[in-house]
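Notebook open, model loaded. I'll jot down what I look up as I go, starting with a side chain.

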Amino acid sequence: MRIGVYICHCGLNIAATLDVEELRRFAETLPNVVVARDIQFTCSDAGQNTIKSDIAELKLDAVVVAACSPRLHEPTFRRTITEAGLNQYMLEMANIREQCSWVHMDSPALATQKAKDLIAMAVAKAALLRPLETESVPVSRDVLVIGGGVAGISAALDLANAGLRVYLVERRPTIGGYMALLTDVFPTNDCSICVLAPKMAEVYANPMIKLMTYSEILAIEGTVGHFRVTGVTKPRYVDPTLCKGCINECSGACPVEVPNEYDFGLGKRKAIYMAIPQSVPLVACIDTDACIGCGLCAEACPADAVKYDQQSEEFKLDVGAIIVATGWQPFDASRKEEYGFGRYRDVVTTLQIERMLNAAGPTRGEIVRPSTGEIARSIAFIQCVGSRDHTVGNPYCSRICCMASLKNAQLIKERYPDADVAIHYIDIRAGGEGYEEFYLRAQRLGINFIRGRVSSVEEGDDGLYVHYEDTLLGKTLMKRYDLVVLSIGLEANRDAEVVGNLLGLSRRPDRFFEIAHPKMRPVEAHIDGVFIAGCASGPKEIQVSIAQGSAAASKAMQLLFKGEIELDPTVAFVDREKCIGCKLCVDTCPSRAISVKDTAFVDEARCKGCGTCAAACPVDAIEMRLFSDEQILAQIRAATAVKGEYPFIVGFLCNWCSYAGADLAGTSRIQYPTNIRIIRVMCAGRVDPSFVLEAFRRGADGVLVAGCRIGECHYVSGNLHALQRVEVLRGLLREIGIDPRRLKVAWCAASEGDVLARKIQEFVEELRDLGPVGTELAAALPSGKV
Amino acid sequence: MSDAAFREEVVRLAGDEIRTCIQCGTCSSSCSTAHLMDNSIRKLIRLVLEGRRREALASESIWLCTSCLLCTVRCPRGIRPKAVVSALRQICEREGISSRDASFERIFMDQIRSKGRISEVLLSAAYALRNPDAAVPIMEMGIELLSRGKVSLDPGTVKGMDEIERIFRELGND
Ligand code: SF4
Ligand code: SF4
Ligand code: SF4
Ligand code: SF4
């Protein structure tokens with residue numbers, strides 16, 4: 001192995017504190033090093049050219065750049081060496097700026113010693129680097145969209161318009177979701193179906209979209225680029241190619257009436273029915289639970305479209321990405337018994353009032369008391385039913401129900417100016433563009449806002465009695481209404497659980513699907529190639545669902561447009577000789593990349609390279625292609641070779657948070673003691689017990705394991721595994737006579753350079769109190785035996 | 001006791017969740033005696049969280065709670081408002097603060113001691129005499145109940161009055 005070492009002055013950033021010339025001379029003495037140079041600015045063209053010509057002339061196999069953080073210039077130097085013909089992974093950086101010159105400005109001698117260690121560690125690792133090939137695999141450019149609500153529609157259209165083939169799978173006989181059932185929508189009060197129907201028609205007409213309604217997903221296998229999906233289309237008993245959508249003929253003949261689920265039980269429909277007049281596709285459907293098999297509809301149908309012998313059809317798809325837009329389900333209001341829904345006919349839900357207000361709905365737009373059919377003259381909206389409520393297990397705010405009630409109250413007030421309309425609320429949540437103005441408008445219309453959550457609703461002879469405390473007046477009151485509307489919350493769709501389980505999606509405590517990062521990655525799932533849009537990841541208004549549909553579509557496009565994806569080669573692999581098939585790794589992997597059949601197998605397309613599995617494997621059968629065990633052990637040995645300081649700490653810092661935090665401490669010039677030698681790992685979960693033990697065996701006084709703050713791990717749960725392992729290790733250390741306090745964990749965000757610096761400072765002090773490693777051993781043994 | 005210390009003690013006794021009260025009033029409007037209370041149970045929680053010790057402890061509501069627990073069953077934050085009442089009662093007892101309505105308890109006990117049971121009518125009447133503002137609704141209800149034969153004027157005396165007397169003595173209540 002022939003290694004070149006390049007020590008950067010970074011102008012005076014490094015050279016003012018560290019003795020660069022001494023570092024260079026030291027580097028020359030290291031094994032495998034054939035050349036060591038110091039360069040003013042290594043990242044400049046001149047600097048890069050020096051490296052390139054050395055690679056050519058001196059036939060270097062690997063390069064070590066001692067300069068700034070690899071998080072800054074690793075990509076630069078990888079490019080440099082590739083241009084000179086080396087494999088990009090034959091590079092290692094020693095971070096002597098952020099971790100040395102900038103944080104130890106007052107101790108140049110100790111800092112120079114630390115820099116020597118860092119360079120020695122980098123050279124030791126470089127000697128063990130192997131070229132890694134980035135593999136490109138062809139992928140399917142087709143996308144599966146699950147769920148034909150407004151989010152799914154928006155995703156499907158964007159993808160199709162960009163030229164990608166889309167399979168849109170919807171469980172119900174029509175697309176459109178809940179939006180298709182609403183009356184006017186806030187904050188503009190435009191007619192919901194009027195703006196949605198053209199989009200639904202576009203989906204139907206677009207040749208790039210294959211629409212599969214009345215269909216369900218049964219199985220999903222494979223990974224990003226190649227998901228193999230199996231599904232089934234249920235029989236409608238109506239031939240879609242023949243049905244003209246006239247519906248009155250067949251349903252007029254049908255003798256069976258059942259409550260219409262698309263009116264939320266307010267109206268009735270026949271056993272052969274069309275979900276909504278604007279159904280897409282415009283094809284009738286027979287509800288087999290209701291049908292009595294009389295055959296009248298087949299006789300009535302002028303197109304001979306009714307086919308009682310229709311069978312369910314299985315389909316198989318091969319898609320590159322999947323967009324989950326499975327939506328939500330309404331809270332079951334009868335669970336709040338004190339409000340009487342299901343017992344009192346005049347207690348209805350938001351969805352029912354939407355249907356009543358809808359001109360095409362069961363009451364043709366009139367607000368009536370279901371018990372009498374008369375127009376309701378006083379109407380109460382009760383907010384937060386099934387939301388913000390621990391007693392039903394939904395502590396979250398459903399976000400849209402305040403606005404929905406404001407809107408429905410306005411519509412009622414506009415239609416019936418004399419009606420007494422009140423909204424019983426805890427807080428009015430109107431945070432959105434134009435929302436507060438919308439609230440203002442409702443107030444101006446004379447809607448009564450009563451601050452206080454309703455405790456119960458009782459039916460009397462002449463109407464419904466609502467009990468509440470007007471908390472602003474401080475009075476407990478009771479008020480009579482003709483009609484009570486329960487503002488029901490949004491819940492995670494239970495029917496989507498199957499898809500979630502097939503894909504391995506994780507759920508938040510509120511049961512909605514979890515996205516990869518609550519802020520930065522709003523439409524990505526933890527699983528590569530899977531995106532989540534709309535209410536599947538939590539309650540959202542229509543406009544946000546549409547935006548998320550588009551966002552998910554654009555993410556899928558980025559992924560699949562080229563028709564191939566590059567697989568990151570820095571993944572895990574299994575030594576099948578060693579693997580005992582214990583399956584311990586399977587559950588540790590946050591990306592669900594490992595499966596076990598006799599022996600474990602890592603799906604390289606899924607693996608994100610965190611290394612948690614490698615640390616978990618009890619027989620060391622899992623290895624990482626980069627950050628391998630032997631590379632890290634070599635770094636530990638190089639770090640502890642001299643031990644020029646007491647106390648001496650070996651630190652393992654995760655790339656994403658704690659290492660980034662250390663970088664920030666550097667750029668912020670936060671000074672901390674020189675006693676630590678930092679080894680970069682991708683995840684705190686990568687830290688194998690053997691690393692810690694090796695560090696102690698080689699005389700480290702303390703070992704620090706640092707990762708992202710709990711709950712913020714880049715790989716979701718790596719730091720939890722790290723924590724667990726540290727606990728076990730501490731027990732082990734106690735057993736072998738090492739004070740467990742010598743092993744410290746620290747969680748810090750990338751923004752918390754000060755936290756990290758303080759932790760290091762504290763650790764140094766604690767270790768000073770404990771004395772050098774082995775002190776406790778000496779104290780435990782009878783004197784003279786050490 | 002300082003106001004802050006008072007708040008912390010109630011929080012400790014009644015549970016940390018009370019800090020999360022959103023003042024929605026579900027508890028107070030569920031409360032069977034809310035109409036008799038000076039401070040609703042919701043407001044009581046606010047007083048506690050504000051550390052308004054004197055006002056909270058002087059509140060008659062503390063003594064009117066019937067422990068029906070509807071507040072606790074319904075609170076959307078999982079708070080136990082009844083536990084706040086208990087905590088305040090406990091602090092009152094320790095500090096020797098008693099309710100104006102201790103009279104009620106006294107009348108109650110006297111009747112038990114003399115007849116072994118209570119007479120709703122006599123109890124209410126005796127109570128109404130001492131608390132004129134509560135008298136009107138009580139009388140209205142009493143007349144209604146009497147006319148329907150739901151209550152009687154003389155409840156009679158239970159058997160085994162000596163047993164009752166013994167219980168009183170054992171409780172150190174002569
Ligand atoms: S066969 Fe079924 S759907 Fe057709 S008319 Fe009869 S009951 Fe209605
Ligand atoms: S949006 Fe309004 S009604 Fe809906 S849960 Fe939130 S606060 Fe309650
Ligand atoms: S645990 Fe991490 S390194 Fe191991 S297979 Fe999963 S993603 Fe890859
Ligand atoms: S019901 Fe609960 S949250 Fe609402 S005011 Fe009472 S204690 Fe507070």
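**Thr667(A).** I started with a side-chain polar atom of Thr667(A), which sits 3.1 Å from the backbone oxygen of Leu664(A). For such polar contacts I take N or O pairs within 3.5 Å; within protein, one atom must be able to donate a hydrogen and the other to accept it, and residues adjacent in sequence count only if both atoms are side-chain atoms. Before going on, a reminder to myself that this is a predicted model, where local features need pLDDT of at least 70 and side-chain atom pairs count only at pLDDT 80 or more, while totals for chains, interfaces and linings use all residues. Residues are numbered from 1 along each chain as its sequence is written, chains are lettered from A and ligands numbered from 1 in the order in which they are written, and side-chain values use heavy atoms, with hydrogens and water left out.

Thr667(A) belongs to helix H18 (residues 658-667) of chain A; helices (H or I, at least four residues) and strands (E, at least two) are DSSP runs numbered from the N terminus. Buried or exposed? Thr667(A) comes out as partly exposed, because its relative accessible area is 43% (buried is under 20%, exposed over 50%, partly exposed in between, with a 1.4 Å probe and protein chains only). Skipping residues up to four places away in sequence, I find Thr667(A) touching Glu98(A) and Trp102(A), where contact means heavy atoms within 4.5 Å. I also checked Asp482(A): 185 residues from Thr667(A) in sequence, and 67 Å away C-alpha to C-alpha.

**Thr640(A).** Next I went to the loop between helix H17 (629-639) and strand S35 (649-654) of chain A, which holds Thr640(A). Thr640(A) counts as buried because its relative accessibility is 6%. A polar atom of the Thr640(A) side chain is 2.7 Å from the backbone oxygen of Ile636(A). With neighbours within four places left aside, Thr640(A) contacts Phe648(A), Val650(A), Ala695(A) and Arg698(A).

**Asp389(A).** What does the side chain of Asp389(A) pair with? I found a polar contact of 2.7 Å to the side chain of Lys336(A). Asp389(A) lies in the loop between strand S21 (378-385) and H11 of chain A, and at 0% relative accessible area it is buried. Beyond four places in sequence, Asp389(A) touches Lys336(A), Asn394(A), Pro395(A), Arg453(A) and, in chain B, Pro76(B).

**Helix pairs.** I took H11 from there: H11 (residues 401-415) and H12 (residues 435-444) of chain A cross at roughly 35°, their axes coming within 10 Å. Axes are lines fitted to C-alpha atoms, for helices over the stretch in contact, and angles run from 0 to 180 degrees between N-to-C directions. On the H11(A) side I noted Met403(A) and Leu406(A) among the residues meeting H12(A), whose own include Tyr435(A) and Phe438(A).

The other pair I looked up was H2 (residues 45-58) and H3 (residues 70-83) of chain A, at about 40° with axes 9 Å apart. That makes H2(A) oblique to H3(A) (under 35 degrees is roughly parallel, over 145 roughly antiparallel, 65 to 115 roughly perpendicular, the rest oblique). Ile51(A) and Ile55(A) are among the H2(A) residues that meet H3(A), where Phe77(A) and Ile81(A) are included.

**Whole chain.** Last, I zoomed out: chain A has 22 helices and 38 strands, and its C-alpha trace spans about 95 × 65 × 55 Å along the principal axes. Of its 786 residues, 59% are buried.
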